[in-house]
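Me: Please take a close look at a single part of this model. Spell out each cut-off as you go.

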Amino acid sequence: MLELLWTEDVTEDTRYKVLFPIATPLKDQPPQVIDNTVPEERVFKVLLGYFLSDVALESITFGDEVLSIQDCRTRGFNVLEHISLNSSKVFTLEVPFTDRVVQQMKGTVSTVYTLALTFGLLVLPDYTPFSYSAYLEAKTEDIVPPSVSGGCDSANFFIFVKYGSPGFSFHTIVGKRALTRSLSQDYSFMENSTHLSLVVPSTAPDVAIEAVKSSSIKARLDVSLRKPGSYAVVEEFTLACNFPSALTECFPNGTMTALAVKLESVPNLNPSQLTLRDPSCGPNYSDDRYAFFVFTGNSCGTTRRFFQNVMLYENEISLPDELEVATQSKTEAPDYVIKISCYYDTNTTHAVAFNTRPRRSEPYAENANGGLQVAMRIASDDSYSTFYRPEDYPLAKYLSQPMYFEVELMRSLNSQVSLELENCWATQNEDRTSTPRWNLIINGCANPVDSSQVVFHPVWVDDRVQHPSLVKRFEVQMFAFAENKDHLNNRIYVHCDVVICDARNPLGGVCAGQCSQQAQGTKGQRRAVPDGQVSAKEPRMIVSLGPLMTATT
């Protein structure tokens with residue numbers, strides 16, 4: 001602006017203003033691209049600015065693909081326009097790493113993500129176009145978690161754990177137990193820089209038994225990897241296989257063996273309490289997972305049926321009735337019953353070869369096992385001084401009247417042995433395997449479910465008893481079997497399994513002392529031995545007494 005001022009006289013001034021347009025050159029201020037990407041979020045975040053308010057974002061080009069702003073938003077890209085207090089304008093864009101416009105370059109331990117794009121802009125109101133290109137790059141460290149795989153053969157599970165990214169620590173859980181140093185030795189632990197391996201037997205305690213078949217066992221092994229501290233699950237792996245197993249074996253001499261397995265569906269089952277049909281026939285061996293039975297075709301309640309050219313011997317393994325009722329009252333576990341079957345050909349001929357030779361010496365006698373005689377009788381009172389004679393039977397007693405039983409090893413002066421009562425029970429007739437039956441003593445202890453339990457009486461030295469270890473005394477209250485709600489059967493017989501123990505070398509069980517397992521309820525082994533048969537290690541006999549009649553007034 002130019003202003004001219006002059007005066008023509010004292011009283012009047014003249015002013016003249018002239019405006020001249022001036023053009024100045026533009027200041028170069030290119031747009032800025034600010035990369036706000038956080039690789040761990042796996043999203044490119046970019047800011048483009050700063051512009052005056054007359055600039056608009058029209059499109060974005062990714063390689064050879066041109067997308068309008070609306071197309072970008074439809075694709076899942078977050079495109080926003082922001083205006084600050086000083087009227088400047090910026091644009092923001094977010095593109096996930098997983099979109100196809102993002103390029104990836106994988107390395108051994110990391111991945112590089114790149115994004116090349118061009119912003120298409122307009123200057124309003126003339127819609128003058130211009131563009132600006134940007135190149136973004138982000139690098140992520142790849143964390144690969146460990147993984148588990150495995151397989152089976154006829155006897156073992158094979159587990160392989162592949163390590164993940166370096167520094168990724170974890171705990172290995174086999175079944176429900178952590179893999180400790182001692183457990184690693186049991187499971188043949190091996191490792192190198194990339195893997196660890198385990199060999200877990202199908203009979204291991206960490207293996208769950210799902211089902212049993214006639215010739216196989218279906219077992220399952222669970223393996224999990226967990227983070228230290230938080231114990232969060234990193235990887236879970238389950239492997240189930242069928243393993244060949246002879247659960248029942250039938251021998252030509254009539255001996256049968258059966259293996260009972262504790263299933264996952266009956267977690268509260270105690271295998272040592274299982275019996276055959278005859279509840280006195282318990283397992284020959286048992287632990288917390290298995291029970292093994294050995295018996296013959298004419299014992300333990302085994303039945304026989306004839307078919308064309310074959311004989312079928314059958315038995316079953318289950319809990320005794322009183323334990324079954326007690327178990328069902330506490331839990332809803334299913335009944336546990338295993339059927340045992342053995343087929344024998346009736347028309348099969350076996351050739352047997354033998355040779356004879358002259359006798360080399362005269363026969364002579366050697367020391368050997370002999371028969372033992374055990375007697376059971378009832379005393380007239382708890383002094384055990386007088387006893388009922390055989391001609392006093394059938395013996396009449398009132399209901400709930402005490403009966404004082406004594407069991408003695410006869411004609412023995414060996415103080416190094418002891419007589420123990422393993423099982424005693426009552427039946428309605430002389431057949432000790434008949435039903436119904438009521439257990440009085442189980443594994444040397446009073447029946448825990450009996451409301452009137454057996455009372456054991458001590459034995460002292462007197463004129464008649466020289467060795468108290470050879471005598472056992474107990475008291476039973478007279479009772480009767482109920483045939484129905486209105487009628488009682490007034491006749492009972494009492495039977496006892498007797499074990500002769502070596503005091504110098506007790507074998508455990510009842511040989512450890514009368515009712516040595518009382519604290520454990522009815523746990524323990526029970527084996528049936530036919531009448532008159534004894535064992536070189538643990539002589540056993542069965543004695544019976546009766547009939548006992550219910551007296552009436």
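Reply: Start with Cys 511, which is buried at a relative accessible area of 10%. Buried here means under 20% relative accessible area; exposed means over 50%, and partly exposed lies in between (1.4 Å probe, protein chains only). The model is predicted: local features need pLDDT of at least 70, side-chain atom pairs count only at pLDDT 80 or more, and totals for chains, interfaces and linings use all residues. Residues are numbered from 1 along each chain as its sequence is written, and side-chain values use heavy atoms, with hydrogens and water left out.

The partner of Cys 511 is Cys 501: the two form a disulfide with sulfur atoms 2.0 Å apart. A disulfide is counted when a pair of cysteine sulfur atoms lies within 2.5 Å. The angle about this S-S bond is -80 degrees, so the link of Cys 501 and Cys 511 is left-handed. Cys 501 lies in strand S38, while Cys 511 lies in the loop between S38 and strand S39 (540-550), so the pair ties together parts 10 residues apart in sequence. Strands (E, at least two residues) and helices (H or I, at least four) are DSSP runs, numbered from the N terminus. Cys 501 is also buried, with a relative accessible area of 3%.

Cys 424 is joined to Cys 496 by a disulfide, S to S 2.0 Å. This link is right-handed, with 115 degrees about the S-S bond. It connects distant parts of the chain: Cys 424 sits in strand S31 (residues 417-427) and Cys 496 in strand S38 (residues 491-502), 72 residues apart. Both Cys 424 and Cys 496 are buried.

Now widen the view. The whole structure holds 5 disulfides. One of them pairs Cys 281 with Cys 300, sulfur to sulfur 2.2 Å. The link of Cys 281 and Cys 300 is left-handed, at -90 degrees about the S-S bond. It joins two loops: Cys 281 lies between strand S22 (255-261) and strand S23 (285-286), Cys 300 between strand S24 (290-296) and strand S25 (303-307), 19 residues apart. Cys 281 counts as buried at 1% relative accessibility. Cys 300 counts as buried too, at 6%.
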